[in-house]
Amino acid sequence: MSEVHDGERRSGDGSAMVVVLVHGFGGWSREEMRGKFFYWGAQKDLASELMDADGSLRVLTASVGPFSSVWDRAVELFYQIKGGRVDYGRAHSQAHKHERYGRTFPGLYPEWSEERPIHLLGHSMGGLTARALVQLLSQHGRDREEEDVFGELEYSDAISDRWVRTVTTVACPHDGTPLLSVVKDLDLMDLIFQGTSIMAGAAGRRRKPEDPQLFDFKLDQWGLKPQEEEETWREYRSRVSNSKVWREKPRDLCHHDLSLEGAAELNSWIQESPSVYYFSLSSCTTYLDPFSFGEAFLPLLSTNPMFVGPGTLLGCASRAGDRLCPRIDKGWRSNDGLVSTISTRWPSLCYKSSSDETAIVLPSNPLPSPDWQLCSRATEVDDVCNGEDAAKFGSKGLLWWRDKEFSFSCQIRAGVWNYLGQMTDLDHLACIGWNFGYAGVGSLLPTSWTWEAKEFYLDLFAFLRHVVR
């Protein structure tokens with residue numbers, strides 16, 4: 001599922017700051033797209049640029065199932081970093097009727113431990129994946145049946161949430177996206193499926209059987225094996241799109257976890273670890289339509305064209321809620337083209353049982369709707385940036401924290417969400433470097449065209465070093 005970049009094996013003595021980038025829904029590895037188009041950085045390989053610019057930084061790029069559930073992705077992420085054969089758990093795999101075991105990985109960072117912790121940076125659904133991984137680590141991989149999904153590992157007793165130092169989420173749908181709830185005719189999975197297919201097709205065909213495949217759907221647990229050596233991209237794509245799992249879309253795929261109801265279930269299970277520092281960056285690329293009497297939001301002209309339609313739909317979304325479904329009103333309409341800005345800040349929705357307030361919903365357990373109700377999650381949040389715009393300095397990064405006159409509005413703490421602000425004028429992909437070569441053209445261009453992802457994330461990691469000792 002992932003390759004190891006040459007620079008990722010350096011600084012093996014543990015002196016480097018080890019950062020693992022976790023992609024979102026529909027993402028891919030460096031090797032895919034023929035190595036010409038990157039999830040992190042588009043035309044530029046952002047991970048390589050970060051390491052080239054900072055020798056003390058070691059960046060690993062994970063590549064988990066682009067359409068898999070948060071649970072499956074989190075388990076894959078663990079084994080991909082540490083190494084070993086993926087074990088989704090007996091109870092979980094039986095409940096969702098897929099294979100228990102997945103691929104085997106050599107490990108991006110086999111020395112990963114409490115003594116050598118990592119920093120997780122998750123974009124979009126990658127943020128949910130990172131949060132779920134910490135939760136699994138904190139409960140030693142035990143699912144709702146008290147089964148240890150890491151139990152076959154000889155070091156399982158040593159597994160701890162202290163293996164992760166920080167979790168930083170960027171444009172993460174902590175509370176899901178209303179697109180899946182409001183627009184019933186919009187098949188988000190199919191939308192991204194078509195988009196990735198077009199990009200993979202544009203990257204060119206395999207010239208040799210040993211060449212990396214253009215796009216790997218990574219759905220082995222559902223019986224969908226990777227592209228075979230003699231199989232063309234068109235044949236592979238057709239095999240996936242015609243498969244039973246793709247047509248029926250079982251609950252243990254990403255479409256459920258990305259809905260508001262699915263996100264509420266995840267938030268009921270995933271709790272903040274008292275030993276991990278949580279940071280979040282929200283995103284926004286819309287403005288209040290002056291002709292809508294203050295009710296609707298429209299995408300900025302700088303928005304990626306693929307997000308204009310979804311962003312417009314989100315900008316006027318509306319739905320009456322009930323005890324199991326959240327109400328969608330004006331507060332959900334400001335968005336980054338794919339996810340509501342309010343959802344990208346921190347988790348706030350969850351379910352509780354009317355009969356047992358201590359009970360929680362787990363992803364292995366279908367929601368028993370007669371006994372559960374939606375409520376606000378008790379999330380502790382610190383707004384540490386004094387309301388500063390996280391992206392207002394463009395290519396200069398998070399300079400507000402370096403300003404001598406700046407003082408944090410509160411102390412950076414572990415176990416709570418430390419909100420770093422809103423990345424204004426950046427759509428869902430612009431915030432990870434998808435600016436299509438417009439960077440540096442001039443200050444008169446929109447922020448998303450001049451914003452340099454490399455400088456921003458270098459400063460973000462310097463900030464993490466500064467505040468997390």
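# A guided tour by selection

Begin with Arg333 and Glu295: their side chains form a salt bridge, with N and O 3.3 Å apart. Arg333 sits in the loop between α11 (308–314) and β10 (349–353), and Glu295 in the loop between β8 (286–288) and β9 (297–299). The pair therefore ties together parts that are 38 residues apart in sequence. Colour the two by accessibility. Arg333 has a relative accessibility of 9% and counts as buried, whereas Glu295, at 42%, counts as partly exposed. Keep in mind throughout that this is a predicted model.

**The whole chain**

Zoom out and show the cartoon. The protein chain has 13 helices and 13 strands. Of its 469 residues, 59% are buried. How much of the contact total comes from residues 24 or more positions apart? Among contacts in the protein chain with a separation of 6 or more, such residues account for 73%.

**More salt bridges**

Select Arg100 and Asp87 next. These two form a salt bridge whose closest N and O atoms are 2.9 Å apart. Arg100 is in the loop between α3 (90–96) and β4 (101–105), while Asp87 is in strand β3 (residues 84–87). The pair is 13 residues apart and links distant parts of the chain. Asp87 is buried, with a relative accessible area of 2%.

Move to Asp329 and Arg327. The closest N and O atoms of this salt bridge are 4.0 Å apart. Asp329 has a relative accessible area of 27% and is partly exposed; Arg327, at 57%, counts as exposed. Then select Arg103, Asp216 and Asp220 together. Salt bridges with shared partners join these three into one network.

Select residues 17–22, which make up strand β1. Six of the six residues are buried, so the strand is largely enclosed by the rest of the structure. Show the side chains and look along the strand. In a regular strand, side chains alternate between the two faces of the sheet. Here Met17, Val19 and Leu21 point one way from β1, and Val18, Val20 and Val22 point the other way. Residues on both sides are buried.

β1 and β2 run parallel and are joined by five bridges. One place to look is Met17, whose bridge partner in β2 is Leu57. To see how the chain gets from β1 to β2, follow it through helix α1 (residues 46–53). This β-α-β crossover is right-handed.

Which strand pairs with β1 over four bridges? It is strand β5 (residues 118–123), and this pairing is also in the parallel sense. Within it, Val19 stands opposite His119 of β5.

Glu32 is buried, at 4% relative accessibility. Its side chain makes a polar contact with the side chain of Ser29, at 3.0 Å.

**Helix α2**

Select residues 70–82, the 13 residues of helix α2. At 1.5 Å a residue the helix should span 18 Å, and its end C-alpha atoms are 18 Å apart, so the two values agree. An α-helix has 3.6 residues a turn, so residues three or four places apart point the same way. Is α2 mostly covered or mostly uncovered? The helix is mostly covered, with 13 of its 13 residues buried. Step on to Gly83, which follows α2 and has a positive phi, near 100°.

**Last stop: Phe150**

Select Phe150, in the loop between α4 (125–138) and β6 (164–170). With a relative accessible area of 0%, Phe150 is buried. Phe150 and Val86 are 64 residues apart in sequence and 9.3 Å apart in space, C-alpha to C-alpha.

Methods:
Residues numbered from 1 in each chain as written. Predicted model: local features only at pLDDT ≥ 70, side-chain atom pairs only at ≥ 80, totals over all residues. Heavy atoms only, no water. Buried < 20%, exposed > 50% of the residue type's maximum accessible area, 1.4 Å probe, protein only. Helix = DSSP H or I, 4+ residues; strand = E, 2+ residues; numbered from the N terminus. Pairing = 2+ DSSP bridges. Right-handed = clockwise from strand over helix to strand, strands pointing away. Expected span 1.5 Å × (residues − 1). Polar contact = N/O pair within 3.5 Å; in protein donor to acceptor, adjacent residues only side chain to side chain. Contact = heavy atoms within 4.5 Å.
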